Amino acid sequence: MTEGSLSGDGLVGMRSPGIGYRNAPSQALAMTDADPALGDMFGGGPFGTLEKRLGLVAPDRPRVYRRALAAVAVSWLPLLILSLIGGTLLASPKGFVWDFAVHARYLVAVPLLVFAERTCMPRLSAIARHFLDTGLVPERERSRFVAAALSTARWRDSVRVEMAIAILAYALTGILMTSVQFESSPIWQRHVVGGVETFTLAGWWHSLVSTPLLLGLLLWWFWRMVLWSRFLWLVSRLELQLIPAHPDHAAGLMFAGYSVRACGILGFALGVIVAGTMANQVFHDGATLLSLRYVPIGLVAVNIVAFCAPLACFSVNLLHAWRRGTFEYGALAGGLGRQFERKWLNRKEGIEPDALDVQHFSATTDLYSIVSNVYAMHFVPLDLKSLLYMAVATLLPFLPVVILATSLDAVLEGLAGLFF
């Protein structure tokens, strides 16, 4: 579907990217029952047109592994070759081989950000479709749901967005280049020519190709999270058929919280980027793990907030469902409780021996367990396991740094004990 193919008020198309879509065009209404409209609405990668021309992507064949290898071949391999040619490959102490940050970014994080399309995006699309599969979206709201899905897919495939991301990536690269002192750059990125310090070939490739590629991937994932947040907000405006007594304690919306687990690979990739920089500071700049202890903690907090915040758009829905549930289910439980007391309490004739076999007891117990689900409702469809999953995924890349730094300190202390 091409940009602007659905005319009208532009609420499904790209001409007016507003989020109100109550009066969706008739074409969108006709697609209410079309499964393709609700397919992989969050799939696709950045610069899809260029990748198709290069043969990296084919219809229904994303070729994620090939694209991940291509990303490494473009961002990391030329740095290795150019550093070898320039004689700075093994230079000590900040030669290319010893630059942990550059390996973490382009040898690990970049392919992970590409590979995440295979694991993260299909799960988010499945979660989006599940709103229909579970009956949360009533039939009268189905057209608006489809309109939101079409709008999301249209923004995802926008060429203007791709161009904006590319321009912003290079703009951010320029800002970073001017804000960092040239003398603090690794020696494999700079050399002196005619008494003037300038970038090496590896340094120029790092600045003009590798860094913009990494920033472009990060910005594209940021845009995807914006689309995911927007889609959830649009869905939250529908008249959803929530069930306050649902056993998931989120009125049937807890499945949306599994999006945090789906994004675990992104949290891991961000952890890799930061852990690589932290490794350079520890092994090359003399920083201690204790002085950097707040870095991984801060990153965990940022990731949890970033990936959990979109779910907060359902808080109002859940609050209304909780209020309704406490009144309706509470009244039902109160009525049954009064009948139970009149029947079984203050009995002059005593309790019959077979009282425990009466269905009234089990029915009361079952109802009270259902009512307890209402009072235990969460106001954000999120569970503790999802939070722990994101925290662990973010912290895992820091584990090798901690182990290596601790082991190195222990070895140096042991050697010092032998000779001093």
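Residues are numbered from 1 along each chain as its sequence is written. Because the model is predicted, local features need pLDDT of at least 70 and side-chain atom pairs count only at pLDDT 80 or more, while totals for chains, interfaces and linings use all residues.

Helices here are DSSP runs (H or I, at least four residues), numbered from the N terminus. Helix 11 and helix 14 pack at an angle of about 135°, their axes lying 9 Å apart, where axes are lines fitted to C-alpha atoms over the stretch in contact and angles run from 0 to 180 degrees between N-to-C directions. The two helices are therefore oblique to each other, a class left over once angles under 35 degrees (roughly parallel), over 145 (roughly antiparallel) and 65 to 115 (roughly perpendicular) are set aside. The residues that make this contact (heavy atoms within 4.5 Å) are listed below.

| Helix | Residues in the contact |
|---|---|
| Helix 11 | P296, L299, V300, N303, I304, F307, C308 |
| Helix 14 | L387, M390, A391, T394, L395 |

Elsewhere, N373 lies in helix 13 (residues 359-375) and counts as buried, at 15% relative accessibility, the limit being under 20% relative accessible area with a 1.4 Å probe and protein chains only. Leaving aside neighbours within four places in sequence, N373 is in contact with P244, A245, H246, P247 and H249.

Definitions and conventions: Side-chain values use heavy atoms; hydrogens and water are left out. Buried means under 20% relative accessible area, exposed over 50%, partly exposed in between (1.4 Å probe, protein chains only).
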